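Dear colleague,

My notes on it follow directly after it.

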Amino acid sequence: MSKVFSHLTTAVLIIDKYDGSHPLSNYLKSFFSADKKYGSKDRKSIAALCYAYFRTGFLKLGDTKEKILAGLFLSEKTSNPFLLQEKPHWNETIHLPLNQKLKVLKSETENLFPFFDELSDEINKDEFIVSLLEQPSFYLRIRPGKTKSVIQKLNTAGIPFEILEAECISLPQSYNTQALLNINKEVIVQDRNSQKVLNFIDNNFLQINLTDVWDCCAASGGKSILIYDKLKGNIRLTVSDIRESILISLKKRLAESGINIFRSFVADLRKATMESAEYFDIIICDAPCTGSGTWSRTPEQLHYFKKNKLNDYASLQKKIISNSVSALKNGGLYFYITCSVFKKENEEQVNFINNNFSLEFLFMEYLKGFTKKADTMFVSVFKKPDL
């Protein structure tokens with residue numbers, strides 16, 4: 001049996017059983033763990049076929065195999081062995097630009113991404129669509145004081161890397177950096193633009209006592225570690241999230257990072273504010289969202305996305321904002337952050353804050369990743385006036 005046939009058959013099997021309830025990367029890991037016959041090259045090839053399928057978005061084609069091959073055709077630029085064997089006429093035109101490839105498939109961009117009307121005006125539609133067809137790069141943020149040792153380790157191991165802005169480095173996806181670097185202590189696995197969402201602090205002289213910080217939707221804790229490093233550890237950090245299991249993992253990660261938590265608690269910010277009258281100099285609201293700015297990294301989320309979910313997220317975000325902003329001190333800063341490209345989750349939430357709370361609007365920005373093989377983030381900053 002040829003590798004092409006075997007890998008395609010396995011990919012079809014995986015996709016037809018996958019229901020989107022877990023990240024595709026986790027599902028693939030479980031699948032390969034349960035069947036040890038696949039070598040590393042086989043796993044990589046089959047995984048690429050699965051991701052190619054989901055990169056076709058809402059394209060109307062034939063069966064699962066046909067969509068896999070269409071995904072390869074749209075995302076690749078040079079001859080592909082699967083297309084060479086299964087779709088030689090597609091392989092001959094693989095060098096064409098996206099709009100011409102779609103004509104070959106008798107389709108159009110709206111079939112890849114049918115949510116153009118919801119995109120922010122800041123997002124270039126053509127560039128965004130192209131980005132959905134390629135895997136973003138793998139990024140690390142080097143923690144303060146660790147640059148020399150991290151670079152020395154990478155050089156010694158012969159791992160190619162690129163130094164980007166500040167402490168940001170880009171590495172190939174295939175390397176097991178965890179075996180080489182001390183994750184969380186030396187480096188943080190964090191997207192290029194996610195590393196920038198608190199840059200307002202760097203770029204502005206803030207005449208307030210930046211002591212008490214609340215990361216109100218802390219999740220895995222990336223923003224907590226980021227602000228700790230930016231403020232050189234001179235903070236009292238409070239973290240909360242909706243599930244105790246998330247907080248348990250977060251506490252472990254922050255402990256590995258050498259960060260002491262002042263307080264942690266479970267909070268359902270759809271319903272209630274802080275359980276006691278506490279106030280903070282900085283509140284980070286990294287709100288739950290569609291994740292549309294990360295769909296090039298997780299194309300399965302686009303495949304299973306329903307448009308009505310956008311309104312659900314927008315409503316949820318308003319509740320979280322309303323039940324967290326009241327804990328801001330006079331003179332304090334409120335960061336509203338998403339990884340979305342939709343205006344309902346971003347600009348409309350900024351308008352909601354401006355129209356409903358006595359905060360001063362300071363700044364908002366899209367950190368555009370679709371031309372840099374990175375995620376797209378949105379950040380806005382507000383200040384509560386001093387009395």
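N184 counts as buried, at 7% relative accessibility; buried means under 20% relative accessible area, exposed over 50%, and partly exposed in between, with a 1.4 Å probe and protein chains only. Please note that this is a predicted model, in which local features need pLDDT of at least 70 and side-chain atom pairs count only at pLDDT 80 or more, while totals for chains, interfaces and linings use all residues. Residues are numbered from 1 along each chain as its sequence is written, and side-chain values use heavy atoms, with hydrogens and water left out.

N184 is placed in the loop between β3 (168–171) and β4 (187–189). Helices (H or I, at least four residues) and strands (E, at least two) are DSSP runs numbered from the N terminus. The side chain of N184 is joined to that of R253 by a polar contact of 3.0 Å. A polar contact is a pair of N or O atoms within 3.5 Å; within protein, one must be able to donate a hydrogen and the other to accept it, and residues adjacent in sequence count only if both atoms are side-chain atoms. Not counting residues up to four places away in sequence, N184 touches R143, R253, E256 and S257, where contact means heavy atoms within 4.5 Å.

R143 is located in the loop between β1 (138–142) and α10 (147–157) and is buried, with 6% relative accessibility. Its side chain reaches the backbone oxygen of N184 at 3.0 Å. The side chains of R143 and D229 are joined by a polar contact of 2.7 Å. Leaving aside neighbours within four places in sequence, the residues in contact with R143 include K185, E186, Y228, D229 and I259.

Two strands pair if DSSP finds at least two bridges between them.

Another open sheet has four strands in the order β2-β3-β1-β4, with antiparallel pairing. Its edge strands are β2 (162–163) and β4, each of which pairs on one side only. β2 and β3 pair over two bridges in the antiparallel sense, and E162 stands opposite S170 in β3.

Helix α3 (residues 40–54) has 15 residues and reaches 22 Å from its first C-alpha to its last, close to the 21 Å expected at 1.5 Å a residue. The expected span of a helix is 1.5 Å times one less than its number of residues. Among the buried residues of α3 are D42, I46, L49, C50 and F54. The buried residues of α3 pack against α1 (3–17), α2 (24–34), α4, α5 (81–86) and α14 (299–303).

Helix α4 (residues 64–75) has 12 residues and spans 17 Å from first C-alpha to last, close to the expected 16 Å. Because 10 of its 12 residues are buried, α4 is largely enclosed by the rest of the structure.

**Cysteines**

How many disulfides does a search of the whole structure find? The search finds zero, a disulfide being a pair of cysteine sulfur atoms within 2.5 Å. The sulfur of C289 has its closest cysteine sulfur in C339, at 3.5 Å, which is too far for a bond. C289 is buried, at 11% relative accessibility, and C50 is buried with a relative accessible area of 0%.

**Positive phi values**

A219, a residue other than glycine, has a positive phi near 50°. A219 lies in the loop between β5 (212–215) and α12 (222–230) and is partly exposed, at 37% relative accessibility. K232, also not a glycine, has a positive phi near 55°. K232 is found in the loop between α12 and β6 (236–241) and counts as exposed, at 70% relative accessibility.

Yours sincerely
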